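Please look at the charged side chains and at how they pair with one another. The briefing below is meant for a reader who is new to this structure.

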Amino acid sequence: MKTKNSIYGKIAAIVITAIVAVPLPGRAQLTDHGYFDIDWQFNIPLNTGFADKAAGWGMAMDGGYYITDNIAVGAFFAYSTNNKYVGTQTLQLSDNASVTTDQQHSMFQLPFGVSARYRFVPDAIATPYISLKLGPAYTKFYSYYNAFQSSDDGWGFYICPEVGTTIYFTSNNMVGLHLALYYNYSTNRADVLTYRIEGLNNAGFRAGLSF
């Protein structure tokens, strides 16, 4: 667990550094033409019965720079965890082996990559936008049963359209409330015990602060 947390921490540090280090002539221009959103994330799995309980165990960060008044490019990072309790049942593991047990399923998702954003009303108190995020996604699936654990992990391709808005608290647009709805799909696959996962669909919403 310590090793896994260390890997996630290093990935998060790299992505945050990339977001913050968007090439800019000066700090003033970051205020005028850049954005950085940090959000709590509520995720709803749509197509997997493995761990399909909606949960708010996640967060997201997205930052970028407006190359025109309306169009921005940037980078993003997010993660979420969803769980599901499965009552006692008999699983046929092979021709000669089976197990009767209850289970606790857990699904961890960690996408990151590049983003593009189009805002409809530049320099307004409320700035609605649409965006598209693309990149790799790491996932890990666990099944805990009795004193045992089975798991599988891997990488896939991630795509996420999003619609949202930032509502600024001050007229100079320094800090605001960020709200967004999203859908995403990733190509990740996994096999855990007798369960097979092929592709993931999620929907949800994000709420946080924008700088």
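This is a predicted model: local features need pLDDT of at least 70, side-chain atom pairs count only at pLDDT 80 or more; totals for chains, interfaces and linings use all residues.

Residues are numbered from 1 along each chain as its sequence is written, and side-chain values use heavy atoms, with hydrogens and water left out.

**Salt bridges between strands**

- The structure holds 8 salt bridges, each being a side-chain nitrogen of Lys or Arg within 4 Å of a carboxyl oxygen of Asp or Glu.
- One of them pairs Arg117 with Asp37, with the closest N and O atoms 2.8 Å apart, and it links distant parts of the chain, since Arg117 lies in strand β4 (residues 97-119) and Asp37 in strand β1 (residues 34-45), 80 residues apart.
- Strands here are DSSP runs (E, at least two residues), numbered from the N terminus.
- Another joins Asp62 to Lys133, whose closest N and O atoms are 3.7 Å apart, and this pair links strand β2 (residues 57-66) with strand β5 (residues 126-145) across 71 residues.

**Burial and exposure**

- Arg117 and Asp37 are both buried, a term that means under 20% relative accessible area, while exposed means over 50%.
- Asp62 counts as buried because its relative accessibility is 4%, and Lys133 is buried with a relative accessible area of 3%.
- Arg196, which forms a salt bridge with Glu198 at 3.8 Å between the closest N and O atoms, counts as exposed at 59% relative accessibility.

- Salt bridges that share partners join Asp37, Asp62, Arg117, Lys133, Glu162 and Arg206 into one network.

Note on methods:
Helices (H or I, at least four residues) and strands (E, at least two) are DSSP runs, numbered from the N terminus. Buried means under 20% relative accessible area, exposed over 50%, partly exposed in between (1.4 Å probe, protein chains only).
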